[in-house]
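Hello,

Here is the structure I said I would pass on. My notes on it follow below.

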Amino acid sequence: MSRAATVGVDIGTSSSKGVLVSADGSVLATATREHAVDRPAPGFVEMDARIWWDEFVALCRELLVGHDVEVTAVGVSGMGPCVLVTDTAGEPLRPAILYGVDTRATEQIERLTVELGGADAIRERCGSALSTQAVGPKLAWLAENEPGITASARRLFMPSSWLGFRLTGAYYLDHHSASQCTPLHDAAAQDWLPEWARRVAPWVDLPPLLWPGDVAGTVTAEAARETGLPAGVPVIAGTIDAWSEALSVGAQNDGDLMLMYGTTMFLVNTVPQPVTSPALWGTVGALPGTHNLAGGMATSGAITSWLRELFGSPGYPELIALAERSPIGADGLLMLPYFAGERTPIADPDARGVVAGLTLSHSRGDLYRAALEATAYGVRHNIEVMEAAGGRIDRIVAVGGGAQGTLWTQIVSDVTGRPQAIPSLVVGASLGAAFLAASAVGEADIAAWNPVVEVREPRPEATERYDELYALYRGLYVRTTETAHALAALQRRTAARVPA
């Protein structure tokens, strides 16, 4: 007899992941496809959306092989907020511009901020000020720099909604993703803001809004033939990956903080009412009636991947073992993790990575540990700003690939002085998407699906040492900002002189 199951697929920055989950929350199968983003110029981060669909098809077919299941619903999620513009048929006109790691629209951010009455006015209306994370300035950049594209562009998608469109033919966006389309969305009304949308991107036909768990449509016959999914199966709207990650670990109660360990580090704090901050993002939650205060670092796992390549691509277990032998403070190394600029809380796209204190005696393990510690300092900085803005953090739940080991999560707990709950499953957003899909067609309890199995407690002696190092970290950015900005400008000039 077939078992009822849902499929969840997430399109991430460095890979796409899928899960097949039974109605009781048992993970029956997982699958992954790795990919790379394109960086055609400094500050530009893009990806061909057709890869998303190709990987989605491959993941579905792999997940379903050898399993006697009745797929009852499909869930999707993806990195964001991204800017994928298409024609009226949903055909991509150019590679998607990715979320806050893409910093091309700094001029448009400055201009629109002035035109719309200032950062405070925008934040009051939209929940967040304009930043590299916002969709609006990137749409403005397209209109100014690629008018041939925007002459044909009519629709705006993100990874989850474009997959939903390919599966169902429905054009939509979820409420949470829309709340990151600043300044096109009204936070209080939880709807589009027509007057600002017309001012920024009048050529876009804004989609209807659904909640992430709403059914967007059903799998078409054509999509069924490609994916192996049954025709007629419901597909939920889905949402941005970090919010799906929070759903996957049940971090939806007031005072919860989801801490996502991935290519980038993301923090989502659930708050009882809307909270805004000049340094953070106030957003609509993934569930109706919920609100979030969120932050995101531009790089975290991306730095460890970069180091691994520099070191000749040894295995991560080897690098972690070397880092474990390095003492607290990486034997006198201090790193700023701003290798792709920084999103929150400093909102500085021209920030750059710094490694201070290098000597000829430092090892690969010291550098790797310094990178883990740098991301932990960034997490602490974000948490402090969240609480200063009015967020309340009673519980931290870790999720994502980096949460699987002990060293990284222990360093974060030591640096922040806060415990972290570690759930049994840290596969993340794809599980959250599968859970939302199961909830749409029946009842599902995420606490039963993914219980907490461990708590990573801070070590007081380590926290005391890290307090001193954190103060040096905060000061290092201030002292190196002028140089970093000058180098960022030089990098842009150099890139402009190099033929494509």
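A helix crossing is called right-handed if the near helix is turned clockwise from the far one by less than a right angle, and left-handed if anticlockwise. The model is a predicted one, and in it the crossing of helix 1 and helix 6 is right-handed. The axes of helix 1 (residues 49-64) and helix 6 (residues 159-168) come within 10 Å and cross at roughly 60°. That angle makes helix 1 oblique to helix 6. On the helix 1 side, the residues in contact are Ala49, Arg50, Trp52, Trp53 and Phe56; they meet Pro159, Trp162, Leu163, Arg166 and Leu167 of helix 6. Sorted by class, this contact has eight nonpolar residues, two charged and no polar ones.

Next, helix 13, which covers residues 364-389. Its 26 residues should span 38 Å at 1.5 Å a residue, and the end C-alpha atoms are 38 Å apart, so the two values agree. Helix 13 is mostly covered, with 21 of the 26 residues buried. Glycine 390 follows the helix and has a positive phi, near 115°.

The last item is leucine 287, in the loop between strand 18 (281-284) and strand 19 (291-296). Leaving out residues up to four places away in sequence, leucine 287 touches Trp211, Leu247, Gln252 and Leu436. Alanine 96 lies 191 residues from leucine 287 along the chain, and their C-alpha atoms are separated by 26 Å.

Regards

Note on methods
Residues numbered from 1 in each chain as written. Predicted model: local features only at pLDDT ≥ 70, side-chain atom pairs only at ≥ 80, totals over all residues. Heavy atoms only, no water. Helix = DSSP H or I, 4+ residues; strand = E, 2+ residues; numbered from the N terminus. Expected span 1.5 Å × (residues − 1). Buried < 20%, exposed > 50% of the residue type's maximum accessible area, 1.4 Å probe, protein only. Contact = heavy atoms within 4.5 Å. Axes fitted to C-alpha atoms, helices over the stretch in contact; angles between N-to-C directions. Parallel < 35°, antiparallel > 145°, perpendicular 65-115°, else oblique. Nonpolar A, V, L, I, M, F, W, Y, C, P; charged D, E, K, R; others polar.
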